[in-house]
Amino acid sequence: MDPAVLGTRLASSAISPLVKKLFVAEGPGAGLVDRPIRLSSYVSFRGERRTLTDQDVRKLAGRLVDRAVGSPGERPFPADEETAVGDALARTLLGLGDLDMDDVQAVRLGHRELARTLLAHSLGSGSDPASGLSADASVFLASAVEWACLHILHFFTQRSTFVARTLVEQSRSQAELIAKLDELITRMPRRDARDASFERRYGTYLTGRHGKLMIYGIDLTDSPGAWPLDVAYLSLEVTGWLDRPPHPDPTIPLKHGGIVWSPSPRPADQILAAHDKVLLRGVAGSGKTTLVQWLAVSATRAAPDGPLAYLHGLVPFVLPLRTLIRHGERLPGPERFLEAADSPLGGAQPDGWADRVLGARRGLVLVDGMDEIPDTERERTRAWLQGLITAYPGNRWLVTSRPSAVRENWLADDGFTELTLSPMSPTDVTAFIHRWHDAARTGAPDDGGLLDTYERQLLTAVRTKADLGRLATNPLMCGLICALHRDRRGYLPHGRKELYEAALAMLLTRRDRERDLTATGVGLRQEPQMQLLQRLAYWLIRNGRTELDRTHAERIIGDALPSVPEAAALGDAATVFSHLLLRSGLLREPAPGAVDFVHRTFQDYLGARAAVEVWDIGLLTDHAADDQWEDVIRMAVAHGRPRERAEILEGLLTAGIDADRLVQQRVFLLAAACLEHATELDPGVREQVEFHVGVFVPPVSEQAARDLASVGPLALDLLPPPDNLTDEEARLTVVAASHVDSEAAIPYLARFARHPSLKVRSQLVWAWSRFDTERYAEEVIGELDPEGLHFTVRDEAQLRALEDMGGRPEIQFKGPFETDHIAVHVGRFAPTNLLITDNEYPVDLDFLRGADSVIEVALLHCKNLLDLSAPTGLAPRGIFLDEAHLVTRGLDSWRELRRLTLDALTDLDSDDGWSVLADLPHLSHLAMSVDSCTEIPASLRLPGLRTLYLNDFTDATEAVDLSRIPNHFPFLTTLQINGTHTTRSRLRGIPPNATLQA
């Protein structure tokens with residue numbers, strides 16, 4: 001590899017700062033030197049002026065190699081040689097301190113000869129830097145040394161100590177050579193440079209296309225229809241088994257070497273940091289597509305050390321499935337990703353670019369809307385996904401879907417983790433209301449005083465009115481509630497159907513009135529618009545689609561016009577359709593010639609209205625097991641009269657009785673969910689529904705528990721009391737009750753507060769954020785048996801409530817708590833076990849000064865953790881860290897440490913880290929990843945270690961040799977290996993005393 005070629009990967013602005021660190025800075029009077037200076041006095045890793053250690057030089061060399069191989073394009077050498085190449089480059093550069101020449105002689109040699117001299121010196125010292133490297137790696141090493149030498153010589157010529165009089169011309173030529181190389185990089189880009197240039201252009205396009213978010217109800221006078229994603233995005237949480245325990249028994253508390261692991265909520269935009277393949281479920285309007293937009297835009301500008309650092313360098317591919325299958329074509333390969341997603345840049349991408357991105361494991365593939373394609377298409381889509389993942393391993397994949405569109409563990413065999421978007425917590429709802437009104441003020445400054453009043457009224461209403469709180473569970477519903485509250489001057493309808501009706505009235509009539517368009521005489525009343533729109537919606541539903549061609553839409557409108565004379569008066573079908581597209585606020589053109597509804601919820605509502613009007617009850621019940629019809633059937637019950645409701649529900653029960661258990665559960669639960677919308681119904685029909693749904697109580701899985709909760713408060717009447725339930729049945733029952741969007745769940749959950757199972761009580765703690773803080777604290781949290789239980793607080797209100805109850809011995813601060821607040825709590829209540837998780841503030845342990853009660857500490861997902869040094873007097877016995885490299889940040893001061901647990905997804909891979917562990921005199925329990933065993937120094941001995949947990953919960957396939965474990969830890973009494981079904985196949989030399997749990 002020629003240095004000019006390497007320059008396409010490392011331009012001067014990238015390599016010069018690294019080279020400068022190899023040499024000492026000039027001091028005062030440096031320009032008075034009138035003779036050449038020996039290189040050994042220049043370097044910063046020798047002599048009295050030493051500022052770098054040999055290890056620092058190795059890190060600089062490793063960083064240079066990382067930058068080169070991390071650039072777009074083909075790798076210059078195999079990935080498994082990165083460390084070896086970095087070490088070889090470091091050894092070569094360290095030879096600068098041993099060369100018997102001065103700066104003038106070095107410049108006269110020229111950069112190529114200086115590089116050859118350095119490599120020859122290393123070889124003459126008995127250490128061939130290229131020994132053991134492949135041919136590609138050796139070529140890269142030689143080019144890297146030559147490129148570095150070019151910059152080293154240029155660096156010499158720019159110092160005041162250089163004897164400029166004798167080498168002015170050569171100095172100029174060195175600068176010109178570097179300038180020409182950089183110019184060459186710009187004017188004659190290689191494929192790598194073309195890729196990088198296109199990715200910058202593509203990133204700008206993504207930001208423009210996905211960087212705005214529609215907030216329903218703000219698109220009125222003087223207000224834009226969409227708002228910057230940075231302002232409007234609200235980070236929701238997901239639940240599921242996000243983390244694996246450091247040992248197989250999740251009930252063992254931290255003081256025994258672990259932590260209670262529950263389905264812990266995490267920020268939704270962090271899920272791909274820990275899992276490279278995720279199937280994310282969420283109800284309509286829960287924010288799935290918004291999350292896809294956020295991830296795509298964030299990847300184009302993620303900082304390498306920010307909260308979304310894992311996205312840095314990734315290339316997003318946003319693939320809405322309904323668009324990909326619009327014309328019934330084959331699902332695309334990578335080369336057609338952009339074209340199939342209607343990106344105008346599809347034809348501008350360099351040949352093979354997408355293949356290179358995915359081959360380099362830099363892809364962020366966002367497949368949105370598995371529920372928006374027909375059931376018959378899903379298996380084909382699954383096979384398409386499997387083929388892509390097999391061909392391009394190591395990328396990050398996100399698939400979104402409504403909860404019931406695909407069965408539980410549908411993609412589990414392909415390595416997908418299944419997670420669910422959580423309903424908005426009261427804190428989320430409050431934040432959304434604040435943001436909505438802030439956005440509205442931007443568009444209507446003269447309305448600011450009224451908006452302040454509306455905002456306060458609405459915040460009070462969602463806290464005090466149970467029906468309203470049940471509706472405000474996702475961004476779509478919250479946006480509609482905010483818009484209607486403003487539109488109706490503080491009055492809100494009750495119930496979901498009434499809310500949709502009011503929202504449609506607002507969108508169909510208020511927008512034209514606000515824009516003074518009705519005065520032109522071209523307005524159309526609400527009912528004629530509804531009649532035409534519901535025809536479009538019902539066609540989409542019957543055909544299992546969410547988009548249709550404009551020509552087909554105009555044909556449907558044309559067929560309906562004779563029955564809607566008021567609309568026909570506007571003109572022909574094309575004119576009427578254009579009116580609906582431009583004025584209704586419900587239709588949009590996602591691509592030229594295509595039409596869809598702005599949100600699936602409106603399509604389902606209008607389609608249900610049409611089905612009831614034409615008495616298509618049989619068609620509704622025939623689709624009882626089709627997830628795409630679920631919301632349609634619910635709204636049909638809401639639209640129907642008592643006789644129609646009874647007919648629909650009886651048809652659902654008939655469809656479910658003869659079905660297999662899985663389909664039966666779905667259908668019976670759907671029927672139960674419909675009861676909420678049946679204002680008037682034959683009591684006998686209601687009793688039949690409740691009887692049949694009772695078969696699925698208590699739930700048998702987490703998904704079944706959430707499905708049961710979806711029927712609403714009725715689930716609370718069906719769920720059993722805590723008596724005579726097994727621990728697992730009790731836990732799943734609590735999961736179901738805690739997902740019911742009603743404060744009525746609190747008294748039911750309180751009945752489980754004294755349950756002996758730690759898992760059950762942990763689930764009750766995790767549910768706190770879903771309910772009113774003070775009431776839940778009084779009725780549930782205050783009654784929990786604290787033995788072995790971590791009490792999690794997510795905000796100041798929960799912390800105050802816990803303090804009003806006298807604190808608890810084991811507490812978790814989850815979220816951005818300032819350390820001053822934590823210090824005050826610890827000082828007042830003297831907890832013994834302290835967990836700090838997901839904290840974005842700078843964190844060290846100085847706030848624990850004098851807190852001698854704390855014996856166990858966990859620090860997880862604290863991105864700005866500064867220092868682990870234990871304050872004087874603090875002597876914790878155990879610590880849990882999620883990043884292995886943190887052990888070098890002061891852990892050696894924990895002289896009483898007995899137990900160290902490292903997250904299973906991080907590897908202890910530095911000699912310095914192992915040295916810290918070797919110096920801990922009382923360390924007896926260690927939990928770490930299996931892969932950390934490959935990095936143990938050969939000479940390491942930890943004779944005090946008695947218990948070792950090795951964890952393997954990644955997708956890695958590289959072999960790991962455990963045969964030297966007895967040499968490193970000679971007095972182990974417990975060696976336990978925890979992993980997946982593939983763990984055993986990658987382990988070699990398993991000690992005979994090991995136990996393997998997968």
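Student: Does alanine 927 count as buried or exposed?
Tutor: This is a predicted model, in which local features need pLDDT of at least 70 and side-chain atom pairs count only at pLDDT 80 or more, whereas totals for chains, interfaces and linings use all residues. Residues are numbered from 1 along each chain as its sequence is written, and side-chain values use heavy atoms, with hydrogens and water left out. Buried means under 20% relative accessible area, exposed over 50%, and partly exposed in between, for a 1.4 Å probe and protein chains only. Because its relative accessibility is 1%, alanine 927 counts as buried.

Student: In which strand does alanine 927 lie?
Tutor: Helices (H or I, at least four residues) and strands (E, at least two) are DSSP runs numbered from the N terminus. On that numbering, the strand that holds alanine 927 is β21.

Student: Which strands do the buried residues of α41 pack against?
Tutor: Helix α41 spans residues 911-918, and its buried residues are Gly913, Trp914, Val916 and Leu917. These cover an arc of only 150 degrees around the axis (taken from the directions from the axis to the C-beta atoms), so they lie on the same side of α41. The buried residues of α41 pack against β20 (899-902) and β21 (925-929).

Student: How is α30 oriented relative to α31?
Tutor: Helix α30 (residues 642-657) packs with helix α31 (residues 661-674) at an angle of about 165 degrees, their axes being 8 Å apart. Axes are lines fitted to C-alpha atoms, for helices over the stretch in contact, and angles run from 0 to 180 degrees between N-to-C directions. Angles under 35 degrees count as roughly parallel, over 145 as roughly antiparallel, 65 to 115 as roughly perpendicular and the rest as oblique. The angle therefore makes α30, relative to α31, roughly antiparallel.

Student: Which residues of α26 make the contact with α24?
Tutor: Helix α24 (residues 550-560) and helix α26 (residues 573-583) pack at an angle of about 110 degrees, with axes 9 Å apart, which means that α24 is roughly perpendicular to α26. In their contact (heavy atoms within 4.5 Å), α24 contributes Arg550, Ala553, Glu554, Ile557 and Gly558. The residues from α26 are Ala573, Ala574, Val576, Phe577, Ser578, Leu580 and Leu581.

Student: What percentage of the residues in the protein is buried?
Tutor: The protein contains 43 helices and 26 strands. Of its 998 residues, the buried ones make up 57%.
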